[in-house]
Amino acid sequence: MGVLRRWRAAGGAIVRVLVVWAVSTATMAVLAGILPDFRIQSPTGDSPTRIAVTAAAGAGAFGLLSALVWPVLVRAVLLVPALVLGLLVFFLNGSLLLLALRFTPDWQGDIAPATAVVIAAVMSAASSATSTTLAMRDDAAYGRRLARLAGRRRRRGAGHDAEGADGTREPGFVFVQLDGVGHDVLREAVRPVARKGRLRTPAMETVAEWLDGSHRLVPWTTDWSSQTGASQLAILHGSNEDVPAFRWYEKETGQVMVCNRPSCAAELERRAVARTGRAGLLAPDGASRGNLFSGGAGQLALVMSVSTRRRRFSADRLAMARLRSRAVGAPEGGDPAAVLARVSATRSRTGYFAYFSDPANAVRTAASFFAEVVREVTESVSARLRHERPRVRRGGLYPFLRAFATVVERDVAVAAVVGDMLAGRGAVYADLVAYDEVAHHSGPRSRDAMRVLRRLDRAIRLIADASRYAPRPYRIVLLSDHGQSQGETFETAYGLTLRDLVRAGCGLPVRRRARGTASGTEARAAARAALHRPEYGGRAGEEQETAGPSSEPVVLASGNLALISFPELPGRADRQDVEARHPALLRTLAEHPGIGFVLVLDRERGPLVLGGDGGEHELETGRVTGRDPLAMFGPGAAAAVLRTARFPHAADIMVNSAYDPVTRAVHAFEEQVGSHGGLGGDQSRAFLLHPFDLDGPDPLERLVGAEAVHALLAGWLGRKPVAEAPPVEDGKDEQPVAG
């Protein structure tokens with residue numbers, strides 16, 4: 001029986017090769033009849049038989065070169081920027097076709113080099129589609145196809161009883177972060193939708209099926225800084241201490257820290273590792289894909305904190321190397337530089353190689369990329385014609401940034417995750433940023449955003465299907481880092497930016513036209529890193545905020561949270577210092593209808609929250625004077641604000657926008673329809689969806705803060721957590737923040 005099975009497998013493989021060859025031959029012949037700059041017959045004409053033989057020979061030579069030479073070529077050009085690699089793929093593919101035709105016996109045709117690029121792309125797409133369709137009917141062939149997509153070779157005889165990469169038969173974990181998807185938005189996305197009298201399938205059909213049978217959905221409450229930098233740093237490294245916002249000003253260095261800036265992400269990861277004394281959630285055999293931080297993983301791709309160029313080893317980097325060395329069981333006296341060098345070696349664009357090693361992937365992704373650009377332009381024009389509100393500008397480079405986030409990053413990250421499962425890695429964490437990018441500009445519940453969720457659901461289905469071919473079983477956990485809240489921007493609602501308001505309160509002249517604030521979305525920074533662009537690109541934004549006289553305040557926006565610092569005042573300026581220099585500023589801010597509350601440090605009363613109508617809330621004592629500024633933000637707001645107020649780099653003044661508990665709307669201080677970063681609405685309510693066989697939080701108890709999520713995930717992985725969930729005392733804080 002074993003011999004017969006092998007013969008059947010060999011026969012099936014031969015049939016598939018012949019069918020793909022025939023489709024490629026037919027594709028080449030059709031293109032020769034359509035394209036004016038390509039012919040496969042001599043100028044004097046050839047018989048149909050000779051044309052068919054020539055096409056078959058050319059297609060066969062092209063297929064053989066693609067199989068043998070293509071992986072070597074792609075690996076040789078990995079040092080070029082990632083986005084450039086995606087374009088270079090087409091020219092390399094066309095060059096292979098030209099070479100293949102030159103090898104064809106009795107070739108007398110003609111082809112222009114530019115046309116060769118188009119023909120090679122179409123032939124690669126046609127052969128890939130045919131191969132995939134045939135493989136779908138054969139489980140073994142489909143598994144090999146997935147392995148090739150990820151740039152790996154499937155182990156012979158691998159199955160769910162085989163050992164994983166860590167040498168165990170224990171189930172592995174795949175954590176997929178759906179960036180920016182709030183708990184309530186996910187619940188809406190898994191419900192059938194009634195439209196025109198018909199019940200349509202849910203936007204996230206796969207997730208809906210999981211909720212019906214295998215998974216449980218629970219909410220978790222973010223910290224005051226409800227954004228990816230703070231949440232993911234804590235989830236992967238166990239601590240987000242001293243991360244007050246997405247961007248903040250550090251007086252001792254004069255530097256603006258931005259979570260998605262590569263050098264800042266590397267510094268934040270270094271600080272977290274030094275604080276916890278551990279490499280991260282994914283050490284030692286894990287993989288980090290498309291994240292801001294590595295999590296201590298040995299396999300890295302599209303990770304912002306390691307995307308900067310290699311530098312000399314510093315004492316701090318050597319300390320991190322020692323931690324990773326201990327995590328992988330290396331002797332204490334081992335060379336930490338060598339360990340870190342091995343880890344750093346994995347940060348090259350291996351994720352891109354895994355994806356682009358199949359030229360058909362480049363063709364498919366490029367087609368989807370340009371389709372997404374057209375889709376964004378169409379949706380933007382449609383929104384203007386419908387006079388949708390709220391609405392922000394969506395022109396310039398944004399359509400291409402959106403396409404990069406929703407297509408390129410998604411495809412490469414998913415392929416990398418598939419490869420990690422086929423390699424049997426113990427823990428994989430991947431961030432899919434597509435929804436967050438679109439929701440910022442279109443709204444968290446817009447039709448645009450729901451369509452993105454539908455496509456993300458298909459990516460989740462692909463990951464789940466691929467797990468069947470892995471050498472170990474996998475538990476797939478979905479989670480988000482925050483939600484998003486919708487509303488008119490502060491500038492649109494009140495006709496001036498927060499920076500204008502601060503300058504007016506300080507008695508400084510206000511510019512007639514406010515300078516735009518750079519968006520805090522991840523796609524822009526990820527695209528710059530992929531292009532090897534410098535971190536400071538000349539755009540009017542956060543890197544230029546400190547320009548000008550040192551007497552002027554630095555105003556930085558993080559969604560609907562803003563931080564105000566006074567460079568001329570050393571250390572943390574208190575209320576008395578601020579009022580001595582700018583007597584009208586604090587009241588100007590606190591009484592403004594677009595501002596919910598203001599946090600400042602009082603010299604005698606400690607952290608103090610100011611609101612309209614003279615309302616005050618002393619955070620240390622809980623004493624409230626007048627109307628409580630935090631009341632509308634939920635019972636957990638005071639604890640969240642107090643924790644941030646104790647951070648060394650909390651700003652001199654921190655401002656949270658107003659929040660309408662009826663409409664759940666906030667006012668972003670950036671150019672965003674959907675925003676996050678502060679308190680108010682769905683942005684503070686993230687989700688965790690996990691298999692039933694994992695012990696999750698009790699439905700009657702709250703999961704508060706990203707560090708509590710880390711503790712839960714670390715427990716599932718059998719690793720001692722570096723942080724515990726904050727206790728709930730005396731029945732306080734029993735409801736989600738602004739839920």
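Helix axes here are lines fitted to C-alpha atoms over the stretch in contact, and angles are taken between N-to-C directions. Keep in mind that this model is predicted.

**Exercise 1.** Work out how helix 15 and helix 17 are oriented to each other.

*Solution.* Start with what to look for: two packed helices are described by the angle between their axes and the distance between the axes. Helix 15 covers residues 398–422 and helix 17 covers residues 447–466; their axes come within 9 Å and cross at roughly 15 degrees. Now the cut-off: angles under 35 degrees count as roughly parallel. Helix 15 and helix 17 are therefore roughly parallel to each other. As for handedness, the crossing is right-handed.

**Exercise 2.** Find out which classes of residue make up the contact of helix 15 with helix 17.

*Solution.* Helix 15 brings residues including Arg 402, Arg 410, Val 414 and Met 421, while helix 17 brings, among them, Asp 448, Arg 455, Leu 456 and Ile 463. Then sort the whole contact by class: you get 10 nonpolar, no polar and four charged residues.

**Exercise 3.** Classify the ring pair of Phe 369 and Phe 400.

*Solution.* A search of the whole structure gives nine aromatic pairs. For Phe 369 and Phe 400, the ring centres are 6.4 Å apart and the planes are at 35 degrees, so call the pair tilted. Last, check accessibility: Phe 369 counts as buried at 16% relative accessibility, whereas Phe 400 is partly exposed, with a relative accessible area of 39%.

How values were computed: Residues are numbered from 1 along each chain as its sequence is written. This is a predicted model: local features need pLDDT of at least 70, side-chain atom pairs count only at pLDDT 80 or more; totals for chains, interfaces and linings use all residues. Side-chain values use heavy atoms; hydrogens and water are left out. Axes are lines fitted to C-alpha atoms, for helices over the stretch in contact, and angles run from 0 to 180 degrees between N-to-C directions. Helices (H or I, at least four residues) and strands (E, at least two) are DSSP runs, numbered from the N terminus. Angles under 35 degrees count as roughly parallel, over 145 as roughly antiparallel, 65 to 115 as roughly perpendicular and the rest as oblique. A crossing is left-handed if the near helix is turned anticlockwise from the far one by less than a right angle, and right-handed if clockwise. Contact means heavy atoms within 4.5 Å. Ala, Val, Leu, Ile, Met, Phe, Trp, Tyr, Cys and Pro count as nonpolar, Asp, Glu, Lys and Arg as charged, and the others, Gly among them, as polar. Rings of Phe, Tyr and Trp (its six-membered ring) pair if their centres lie within 6.5 Å; planes under 30 degrees apart count as stacked, over 60 as edge-to-face and the rest as tilted. Buried means under 20% relative accessible area, exposed over 50%, partly exposed in between (1.4 Å probe, protein chains only).
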